[in-house]
Amino acid sequence: MRKIGIIMNGVTGRMGANQHLGRSIAAIRKQGGIQLSDQSTALPDPVLLGRNESKLQALASQWGVSRWSTNLPECLADAQNLIYFDAQATSLRVDSVRAALRAGKHVYCEKPLAPSVHESLELARIAAAARVKNGVVQDKLFLPGLRKLKQVIDSGFLGRILSVRGEFGYWVFEGTAPLPQRPSWNYRKEDGGGIILDMFPHWQYVLENLFGSIRALSCLGTTRIPLRFDETGTTYNCTADDAAYATFEIEGGVIAQMNSSWAVRVHREDLFILQVDGTAGSAVAGLRDCETQDRAATPRAVWNPDLPSPFDYLDGWQALPATSECDNAFKIQWEMFLRHVLEDAPFPHTFLHGARGVQLAEIGLRSWAERRWLDVPKLALN
């Protein structure tokens, strides 16, 4: 049994506490660690890092973690800690990640990697010069629904893919009853908030991995809810976008339309739905499920609003069965990164890939500001 020290910065926040600490690192510890190719076992030994001592102590007690700290330099100076993980607010991430890289730590962090492409590429270059392993969370690729969709695409079932339509979002409460589900900084541009910077890095890796490179985009953002309540119940002005409507041109002629909103009520099977239409068939994927319809089962629809439809349009879709046990998406990627660090197993989701996500968000924001289509150039370290 080999203990692997992991500095976990920002785990007092919603995503860090739930997905990364509770459902990933604590779950890996509960299962006894991960087995490596040489049959040895690696057990994560986290140190919880943050600014609020009482929250850190409570989390450590809840998940059976013995180490916590409010001192980043001390954690980085400890040779036992091989990995630095960052789930802080975006505006706080760059300085901490830079310090971890210069301390020789392998670094894994939430997206977006940084508030700007310039800073993202700087971190990628520092990591390359330091010869340390680096990675960015790209959890949507490991959702059961999207993994099933990838199998459908790879099988050729859809034929030539024509278009993609994605709907993401839900109503984030703006007042004190019920309490908001997201932190107030998400709605302040000056603190790194905004749905474009938050969600376009996701859409970049989802579209690129499933359909191909994004060539161009057109984006319209908006702030639908101008006034919200913060964690103390005080009102504040929302300076960041809370909804975005974008069209992406993908290599090979595929067109993708992606709607993202924190001001929409859900009338669909899931919080995120992705429909793909091809010449031979179609597929609709949610977070966990995927349904298909082939050409032979496609109804011959005729527009006639004066009569009830003769079809139950949802009846002609076939649900894909689960072929294997589906683990938590964040946990799957954590295990991949740990193996990448410990035995050089493949891990394609690097800082450079994270920078591409930030690039897409920047171009989306510029498209909105300039009200026009913009090309998406290839991004490289040199």
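A residue is called buried here when its relative accessible area is under 20%, exposed when that area is over 50%, and partly exposed in between (1.4 Å probe, protein chains only). The model is predicted, so local features need pLDDT of at least 70 and side-chain atom pairs count only at pLDDT 80 or more, while totals for chains, interfaces and linings use all residues. Residues are numbered from 1 along each chain as its sequence is written, and side-chain values use heavy atoms, with hydrogens and water left out.

At a relative accessible area of 13%, serine 213 falls in the buried class. The residue sits in the loop that runs between α7 (195-210) and β9 (214-222); helices (H or I, at least four residues) and strands (E, at least two) are DSSP runs, numbered from the N terminus. Setting aside residues up to four places away in sequence, serine 213 touches Glu208, Glu249, Ile250, Glu251 and Lys378, where contact means heavy atoms within 4.5 Å. With lysine 378, the side chain of serine 213 also makes a polar contact of 2.9 Å. Such a contact is a pair of N or O atoms within 3.5 Å; within protein, one must be able to donate a hydrogen and the other to accept it, and residues adjacent in sequence count only if both atoms are side-chain atoms.

Now for the protein overall. Its secondary structure comes to nine helices and 18 strands. The radius of gyration is 22 Å, close to the 21 Å that the globule rule gives for 382 residues, so the protein is as compact as a globular protein of that length. That radius is taken over C-alpha atoms, and the rule is 2.2 Å times the number of residues to the power 0.38. Along the principal axes, the C-alpha atoms fill a box of roughly 70 × 55 × 45 Å. Of the 382 residues, 52% count as buried. Among contacts between residues at least 6 apart in sequence, 69% join residues at least 24 apart.

As for the interior, a nonpolar core is a set of buried Ala, Val, Leu, Ile, Met, Phe, Trp, Tyr and Cys residues joined through side-chain atoms within 4.5 Å. The largest such core has 51 residues, and Leu149, Phe200, Leu207, Phe211, Phe248 and Leu274 have the most contacts inside it. Helix α7 gives the most to this core, with ten residues. Apart from it lies another core of 28 residues, including Ile6, Ile25, Leu36 and Ala87.

Helix α4 (residues 90-102) has a buried set too: Thr90, Arg93, Val94, Ser96, Val97, Arg98, Ala100 and Leu101. Alanine 89 lies in the loop between β5 (81-86) and α4, and at 15% relative accessibility alanine 89 is buried as well. Just after α4, glycine 104 takes a positive phi of about 85°.

On to the cysteines. A search of the whole structure turns up zero disulfides, a disulfide being a pair of cysteine sulfur atoms within 2.5 Å. Cysteine 75 is in none; the nearest cysteine sulfur, that of cysteine 109, is 17 Å away. Cysteine 75 is buried, at 6% relative accessibility, and cysteine 219 is buried with a relative accessible area of 6%.
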